[in-house]
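Please look over the fold below. Which features of its architecture and side chains can be read from the atoms?

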Amino acid sequence: RVVDGLISFFASHHAIRADAVLRRHGFTVALVPGPRDLSPNCGVALRFLYADRDRAVEVLAVHRVRIDGVHRYAPRTDGWTEVRG
């Protein structure tokens, strides 16, 4: 199963808490650097299975974890990478 969803947050402590809550409820998740174009407020996002988005949002709401947004994650397939320096 492809981890193709991304949850953005207002602050990193929300992302860390969401990671713990969703793991306890059996979700496949991973903390990743947050894309600035999706959420300039927080440098951390959470990848998850987008097909589970409704259940994930419900679990986070029950546990009062504040999220910024839920996004579909589509990795680039054109071989382009950004070089900073």
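Predicted model: local features only at pLDDT ≥ 70, side-chain atom pairs only at ≥ 80, totals over all residues.

Residues are numbered from 1 along each chain as its sequence is written, and side-chain values use heavy atoms, with hydrogens and water left out.

**Overall fold**

The protein has 2 helices and 4 strands. Their pattern along the sequence is β-α-β-β-α-β. Helices (H or I, at least four residues) and strands (E, at least two) are DSSP runs, numbered from the N terminus. Of the 85 residues, 35% are buried; buried means under 20% relative accessible area, with a 1.4 Å probe and protein chains only. Take contacts between residues at least 6 apart in sequence: 68% of them join residues at least 24 apart. Contact means heavy atoms within 4.5 Å.

**The sheet**

The 4 strands form an open sheet in the order β2-β3-β1-β4, with antiparallel pairing. Its edge strands are β2 (29-33) and β4, each pairing on one side only. Neighbouring strands are turned by 30° against each other on average, direction ignored. Strands pair if DSSP finds at least two bridges between them. β1 (residues 5-8) and β4 pair in the antiparallel sense over 4 bridges. S8 has G69 in β4 as its bridge partner. Helix α1 packs on the sheet and touches β1, β2 and β3 (44-48); its direction makes about 160° with that of β2. Axes are lines fitted to C-alpha atoms, for helices over the stretch in contact, and angles run from 0 to 180 degrees between N-to-C directions.

H71 sits in strand β4 (residues 69-72). D19 belongs to helix α1 (residues 12-24). H71 counts as buried because its relative accessible area is 19%. D19 counts as buried because its relative accessible area is 12%. Both side chains make a polar contact, listed below. The term means a pair of N or O atoms within 3.5 Å; within protein, one must be able to donate a hydrogen and the other to accept it, and residues adjacent in sequence count only if both atoms are side-chain atoms.

| Side chain | Partner side chain | Distance |
|---|---|---|
| H71 | S8 | 2.9 Å |
| D19 | R23 | 3.0 Å |

D19 also touches V29, L31 and L46, leaving aside residues up to four places away in sequence.

How values were computed:
Buried < 20%, exposed > 50% of the residue type's maximum accessible area, 1.4 Å probe, protein only.
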